[in-house]
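This briefing collects computed features of one structure, grouped by topic. Please consult the sequence and the coordinates alongside the text.

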Amino acid sequence: MPTWMALGFQNAASPLMEQLIFFHNHALSILILVMTVVSFKLIKTITNSNINVQLLESQSLELFWTLAPALVLLFIGLPSIRILYLIDEVYNPDITLKTIGHQWYWSYEYSDFTQNIEFESFMVPSQELKSNQFRLLDTDNRVVIPFNTQVRNLISSADVIHSWAVPSLGVKADAIPGRLNQVSFLINYPGLFYGQCSEICGANHSFMPITVEATYTEFFKKWISSFKK
Amino acid sequence: MADEVKIGTAPFDPRFPNQNQTKHCFTSFVDYKRCTKLRGEDYAPCKYFEKAYNSLCPNAWVEKWESQIEEGTFPTKI
C-alpha cells in the first residue's frame, strides 16, 4: 500500500508487477547512464576554451554515435516487447470475478459457484475507522481471492466510466458502461492489497477504493460457503 | 461445507482472445437460449453455455436480457 513520501512502486504482489518493476529499473539505469554521459560531454565541451580547427568531419565518430544509440534502443526495446507479450499471455483462469463500478462504490460478483455471490464495497468513512484501518483505502467488504490462483476479472460500470486499479498487482482497467474489460492476474502471497478508482467519475471519485484480500484456498472456500445459496 | 465449493470457471475461448469480452458474454447467453430452444432445458451440453454466461455476464445484464426476451424486445433472434 502507498506510504508517505514513497517515490517508487509498491512492492510487487504478482509476477507481472515484479517483471514491470525489473524492466523499469533496467530502463531507468540506461536512462541515467545516457544522461550522465551526455551531460558530462556537454559540460566538458562548453567549458573547453581550446578549438580544434582540423575537426571538420569524422566517419568513425558518426558511425559510433549512430551505432551506440541503436544498441541502447535495442537494450530497451527487447525487454519491453518481452513484457508486453507476457502481459497479453493467454491463461485458463481458475476463478472469474466480475467488478461493476458505480457512483461511488464497487460491486463484485462471484458467479462460478452455486451461491452466486454479489456484494457492494464502500469506503470506510474516516470517522468510523478502527485503529488498524487505513484512511481512504479500507472498505467494508473486501474482494477475497485465493492466492496462487489465476484470476480473470471482468470489469464494467453501471453508470459513468471508472477504473479499477490495484498497483501492487500491476492491474488497471477502465470500467466502461456496456463493455466488459478483462484483466488477468495471479497473487503470489496472502495479504491485503489496496487500490483506488483511477478515472474521474464525479464528486466522490477519490472515495471509492478497492481492497483485495488474498488468502488460502481453504479459507476462500469457507468464505464462499458462508454466503447463502 | 468448504468441500462443496469447487474452483472452476469458463475457460479461455480463442474466438475472444482480447481484452474486450463483451461479445464473449453476449454470445454465450444467446447460444444458451438457442441451445435450450432447439434441444430443451435438460440437454446436458447446453450447460456449458449456461455456466459460461453465468460466470462472464454481470447479473444486471442477464436480468435485463431475460426481461427483454419476455417482452419480445431482445435484439437478436433466438
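Q133(A) is buried, with a relative accessible area of 19%, where buried means under 20% relative accessible area, exposed over 50% and partly exposed in between (1.4 Å probe, protein chains only). This is a predicted model, in which local features need pLDDT of at least 70, side-chain atom pairs count only at pLDDT 80 or more, and totals for chains, interfaces and linings use all residues. Residues are numbered from 1 along each chain as its sequence is written, chains are lettered from A in the order in which they are written, and side-chain values use heavy atoms, leaving out hydrogens and water.

**Surroundings of Q133(A)**
- Q133(A) belongs to the loop between β3 (117-121) and β4 (143-146) of chain A; helices (H or I, at least four residues) and strands (E, at least two) are DSSP runs numbered from the N terminus.
- The side chain of Q133(A) reaches the backbone nitrogen of K130(A) at 2.9 Å.
- Beyond residues up to four places away in sequence, Q133(A) touches V124(A), E128(A) and D138(A), contact meaning heavy atoms within 4.5 Å.

**Strand residue T99(A)**
- T99(A) lies in strand β1 (residues 95-102) of chain A and is buried, with a relative accessible area of 0%.
- A polar contact of 2.8 Å links the side chains of T99(A) and N153(A); such a contact is a pair of N or O atoms within 3.5 Å, and within protein one must be able to donate a hydrogen and the other to accept it, while residues adjacent in sequence count only if both atoms are side-chain atoms.
- Leaving aside neighbours within four places in sequence, the contacts of T99(A) include W106(A), Y108(A), N153(A) and W164(A).

**Nonpolar cores**
- In the largest nonpolar core, of 34 residues, Y108(A), Y110(A), W164(A), I187(A) and V212(A) touch the most other members; a nonpolar core is a set of buried Ala, Val, Leu, Ile, Met, Phe, Trp, Tyr and Cys residues joined through side-chain atoms within 4.5 Å.
- Apart from it lies another core, of 18 residues, among them L180(A), A10(B), C57(B) and W61(B).

**Annotated spans of chain A**
- The unreviewed UniProt entry annotates residues 20-43 and 63-87 of chain A as "transmembrane region"; positions follow the numbering used here, feature names are shortened, and annotations may be inferred rather than shown by experiment.
- Residues 20-43 of chain A are 100% helix and 0% strand, with end C-alpha atoms 34 Å apart.
- Residues 63-87 of chain A are 100% helix and 0% strand, with end C-alpha atoms 36 Å apart.
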